Amino acid sequence: MNNPFENAMEQLDKVAKIKNFNPEFISRFRQPDRDIKISIPVKMDDGTLKIFEGYRVEYNNALGPYKGGIRYHHDTEINEVKALAFWMTIKCAVAGIPMGGGKGGITVDPKTLSKGELEKLSRGWVKRLADILGPKKDVPAPDVNTTPEIMDWMADEYEKITGDATRATFTGKPLGRGGSEGRGPATGLGGFYVFDSLRAQLNLPEKCTVAVQGFGNVGLNAAQIFIAHGHSVVAISDSKGGVYNPQGLDIEKLIEHKKSTGSLSGFSGSKDLTNEELLETECDVLVPAAFENQIIENNADKLHTKVILELANGPINPAADEILFKKGVPIIPDVLANSGGVTVSCFEWEQNLKGENWSEKEVFEKLQPMMHDAAQKVFENGKKYSTDLRRGAFILALERIEEKMN
Ligand code: NAD
């Protein structure tokens, strides 16, 4: 298994070779400001005591409070959390929000817990870490297997311990409990704004054919938004496989079909696809919006897309990245393409601190120019340094962070 933090450092080293950053800055940036491992005791429903391992990595706060989600997964370990905290630092800097980067987690399969145990575990994470959290210090959010309800418990626990009633220490809360309008579709919509900003520069047609991997929050929202803007989604998949129709899929009918049959397959007028076939679909834009490491050295050569919009985190491994760069397939990288999510989380934090509630329209009107600006700056860096958009994005982020650390 690759150590994800080593992969992240490899990316950093590649970028440091393209632009001469101060070596002292790069050495400092190779380490998180702090990584914390905690133990969380939970009295289980059967009366036994179980101790869980949890983490918080505060990577860098040069641009603002540490920001990043909390992941509950049985494979979660400190190197993964460190890598994710590093990428959050880059992402917040690319998006141009006043936030640094962090990430947290607990090694647990939440499906094995009752709701009461899950609540005790989540409150336990906050009890251990309350001293270092806070609206001006460290602002966690949901990630894999953590939900708005869990954020609500955590915000409540933090308020009990500290008396801070702003609810600004956790984002991704439910609407009516301090959450922001527009957070649901924010990642897919932000990705669409980035795509729209770069479409002509990437020589894509006005109306594109799109293949989407993933039928969850990000993939489904993205598919609906692409279609609403006149593009055609020709293929889409979930973990069990997908469907293809070169004339374009009717997503609303497909949602109904999945609801009634439990799967995408057998959708009228379309052909069933495996996930491997979905990635190889001929299209203008391929949108991996499911999981990490989907495009690797074994399949990178088989893709038939003009551009990749990375809405998932880390869907392309470094070896595939190199293959696609040599083939001339532009990749709009995750740290740019999916930064709409954290940007609207930042809006939630701002609304909580100011005691305001912005409408969905206001949220989207603030998001669009920020995504456009970030996309254009990344594109300019790619040209200026004759490199790909991922390295262009890293350079933009590192320049912004270095300036504040000096
Ligand atoms: P989700 O759980 O809502 O949806 C994931 C979807 O992927 C599901 O439809 C699932 O069936 C499908 N899937 C899982 N394994 C698959 C496989 N091997 N092939 C095809 N489909 C598969 O998750 P989400 O919130 O939509 O997140 C998707 C990705 O986007 C993740 O990488 C996540 O880290 C990233 N992301 C999400 C947000 C956000 O705001 N939700 C923000 C930034 C990044």
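I began with helix H6, residues 186–198, in this predicted model. Phe-192 and Phe-195 are three residues apart there, so about one helical turn separates them. I then looked up their burial and noted that both Phe-192 and Phe-195 are buried.

Next I followed Phe-195 to another partner. Phe-195 and Phe-226 form a tilted aromatic pair, with 4.9 Å from centre to centre and 55° between the planes.

The structure holds 12 aromatic pairs. For Phe-192 and Phe-195 I noted ring centres 5.7 Å apart and planes at 45°, so this pair is tilted. An angle under 30 degrees would have counted as stacked and one over 60 as edge-to-face.

I also looked for rings joined into a group. Ring pairs link Phe-5, Phe-21, Phe-25, Phe-29, Tyr-59, Phe-86 and Phe-394 into a cluster.

Last, I looked up charges over rings. Which residue lies over the face of Phe-5? I found Lys-82 there, at 4.5 Å from the ring centre. Phe-5 is also one of the cluster residues noted above. My other entry is Trp-358: the charged end of Lys-366 sits over its ring, 4.3 Å from the centre.

Definitions and conventions
Residues numbered from 1 in each chain as written. Predicted model: local features only at pLDDT ≥ 70, side-chain atom pairs only at ≥ 80, totals over all residues. Heavy atoms only, no water. Phe/Tyr/Trp six-rings, centres within 6.5 Å; stacked < 30°, edge-to-face > 60°. Helix = DSSP H or I, 4+ residues; strand = E, 2+ residues; numbered from the N terminus. Buried < 20%, exposed > 50% of the residue type's maximum accessible area, 1.4 Å probe, protein only. Lys NZ or Arg CZ within 6 Å of the ring centre and 35° of its normal.
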